[in-house]
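Reader: Could we go through part of this model together? Please begin with the strand pairing.

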Amino acid sequence: MTIFIRAIFHRLPIIHKLLGKRTYLFAYAWGVKIGKNAAFFGRTHFYRKKKSQIIIGDNCTFISDKTTNWIGVNHPCLISAQVEGSVIIIGDNCGFSGTSVGAFKKIVLGNNVRCGANTVITDSDWHLDDPRVGEPVEVNIGDNVWLGVNSVVLKGVTIGENTIIGAGSVVTKSIPANVIAAGNPCKVIKAINQ
């Protein structure tokens, strides 16, 4: 299917509703709790290990289709609670574009969090059988945080409310509230005046 035909096809409201209902069914099958009025553009993939939790608030948007976000979505949204007892909690009014959220312990996103295309949020190094890897450490992202395109948030990080993380940043340490931060490793650039 050409990009032009796909673009027209995906702009039809009835198609979005049908695809959204299909994603709801997949989420339900995985035991994912989704609040009211979630919107799915393309198929979001969920994985939830037994005795783990994925809880998504109201009015969240998941963009997984390459033609829906023109900055370039490399893959669909991937939301996974990888081990027994792991938890993902996503607040209300959050937006994701090709975002990967992978929890081995706990990841909490506040309300109104925006994740640019291809962002990654994880609380683990992912290779738990490797002796060089430390234990998973909880990740907390406050209300109104904006993660720029291709940003990576790693284990043990807390990002304070109203903070903007610049495109391509690798967040290895906690970032305070009300700042603009960017880089690899991510560092505060300036405060945001209220």
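Author: Strand 9 and strand 12 (residues 120–122) run parallel and are joined by three bridges. Strands are DSSP runs of E of at least two residues, numbered from the N terminus, and two of them pair if DSSP finds at least two bridges between them. This is a predicted model, in which local features need pLDDT of at least 70, side-chain atom pairs count only at pLDDT 80 or more, and totals for chains, interfaces and linings use all residues. Residues are numbered from 1 along each chain as its sequence is written, and side-chain values use heavy atoms, with hydrogens and water left out.

Reader: Which residue is the bridge partner of Ser100 in strand 12?

Author: Val120 is its partner there.

Reader: And how many bridges join strand 6 to strand 9?

Author: Four, and strand 6 (residues 78–81) runs parallel to strand 9. Ser80 stands opposite Gly102.

Reader: Which way do the residues of strand 9 point?

Author: Ser100 and Gly102 point one way, Val101 and Ala103 the other, and all are buried, that is, under 20% relative accessible area, where exposed is over 50% and partly exposed in between (1.4 Å probe, protein chains only).

Reader: Changing topic, where is Asp125?

Author: Asp125 lies in the loop between strand 12 and strand 13. It counts as partly exposed because its relative accessibility is 36%.

Reader: What joins the side chains of Asp125 and Lys155?

Author: A polar contact of 2.7 Å. The term covers a pair of N or O atoms within 3.5 Å; within protein, one must be able to donate a hydrogen and the other to accept it, and residues adjacent in sequence count only if both atoms are side-chain atoms.
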